[in-house]
Amino acid sequence: MQYIRFLKTPRFVYTKDRRSGVVSALITIASDLGDTFFFQDVALAVKLLDGKSWTSLPLSVTRYAWKAGMRTLKIELDFVIKQKEMFHRTAILSVSSEQTAADDLSQSRAAGPLVLSAYSSPFGLSGGTEAEGYVERRLIIGREKALPVWEETGESIARHIWDGGLALTVYLAQSILTSEINNKGKRLDALDKILGLPGDLEVLELGSGCGIVGLALASLYKNCHVTLTDLPLAEEIIFKNLECSGLHGNINFKPLDWDQNIPENLTAKPIGLIVVADCTYNASSAPSLVRVLAELSSRSPGAVILLAHKRRHDSEDVFFQLMDESFQKIEQIQRALGTYSNEEATNVDIYIFQLS
Ligand SMILES: C[S@@+](CC[C@H](N)C(=O)[O-])C[C@H]1O[C@@H](n2cnc3c(N)ncnc32)[C@H](O)[C@@H]1O
């Protein structure tokens, strides 16, 4: 999966004698780690949107071309505005691939968009000030079901969406809509079973980052109560996402460090489902992550673990070796992210584990 990112968030500069202004920004298209740049040509639609409305027509649209081999792309968009209108208005800059009408993760024929669109924070049209350092992903996860997820524009590991989280969100979005999954064919029967049980399902997510998977679960499955957990450094972006989600009541956040004792009152009820996405990249964290999974599972007998893993390095095998000692692998499927070219697809493995 490739992500459009703001290296410099947009700002508007007004030229009085021309009675117009320029919105400028610097973007890149890169992998979740930011270590590789998108190596295909892609036509981009750059839109200036009203800062207060998701649905109104764009104030201005320009086309740009991202070419294979590029690392950055400078955006400059002319915008005519009357001086007296400038002071009340805010705008948002969106950048998306022209092939992606919307970032619709629920389309069962597709494995999600290859290039994820970026929406800036609202910025003033009175001039000069840069938009705050956030980027919004406007994801569609069901029929008329939108999921806004904010990330930071900086380099933080926790405050970004990762391919593992995105692949799991695609899987959840598609599995609730279709009786069969077309991308590589298989469904997770054990997950269907637990999500189909009567009564409320208590879900705990470890290393939730921005919260994409837990938010999608809480939005798609109304009989879930989700507790997102991560290190305290993720708290601010998670609270921003909880606030924007409109999901009140069935999702909350608690700090949890795998290297510390697990608080007794983490969830109100025994946990039925533990979710872990893209948390297995760091071999040195594997023993503490497995310990936390084992302790949570023995506190909540019968709990099922749903784990998404994007293989980045051989050293990650240690996590699975440690899991084998205490857990049974119930199911495994593979999902490919990216629809336009097999060469660019990202494979993510999704597992179901349970304490042996
Ligand atoms: C690569 S990110 C994945 C984020 C999210 N699950 C996703 O897929 O978008 C890994 C997450 O694990 C969290 N993490 C790493 N070490 C941790 C620890 N010792 N205790 C709790 N969380 C930890 C990080 O803060 C980060 O949010």
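This is a predicted model: local features need pLDDT of at least 70, side-chain atom pairs count only at pLDDT 80 or more; totals for chains, interfaces and linings use all residues.
The protein is divided into two parts by the domain assignment: domain 1 covers residues 2–152, and domain 2 covers residues 163–355. Between the C-alpha centres of domain 1 and domain 2 the distance is 29 Å.

Attention may now turn to the largest pocket, whose volume is about 460 Å³. Its lining comprises 27 residues, and those closest to the centre of the pocket are Gly207, Asp230, Trp258, Cys279 and Tyr281. By class, the lining of this pocket consists of 14 nonpolar, eight polar and five charged residues.

The largest pocket is also the space that the ligand takes. Around the ligand stand 19 residues, of which Trp162, Gly207, Asp230, Trp258 and Ala277 are the closest. The shell that these residues form divides into ten nonpolar, five polar and four charged members.

At Gly207, a backbone N or O atom lies 2.8 Å from a nitrogen atom of the ligand. Ala277 likewise places a backbone N or O atom 2.8 Å from a ligand nitrogen atom. At Gly165, a polar backbone atom is 3.1 Å from an oxygen atom of the ligand. As for burial, the ligand taken alone exposes 600 Å², and the protein buries 94% of that area.

Definitions and conventions. Residues are numbered from 1 along each chain as its sequence is written. Side-chain values use heavy atoms; hydrogens and water are left out. On a 1 Å grid over the protein atoms alone, a cavity is a set of points where a 1.4 Å probe fits but cannot get out, and a pocket is an open set with protein on both sides within 12 Å along at least five of seven lines; lining residues have an atom within 4 Å of a point. Grid points are joined across faces, edges and corners, and a volume is the space filled by probe spheres set on the points. Ala, Val, Leu, Ile, Met, Phe, Trp, Tyr, Cys and Pro count as nonpolar, Asp, Glu, Lys and Arg as charged, and the others, Gly among them, as polar. A residue is near a molecule or strand if one of its heavy atoms lies within 4 Å of it. A polar contact is a pair of N or O atoms within 3.5 Å; within protein, one must be able to donate a hydrogen and the other to accept it, and residues adjacent in sequence count only if both atoms are side-chain atoms. Accessible areas come from the Shrake-Rupley method with a 1.4 Å probe; for residues, only the protein chains shown count as cover. A molecule sits in a cavity or pocket if more than half of its atoms lie within 2 Å of its grid points. Domain bounds come from an automatic or database domain assignment.
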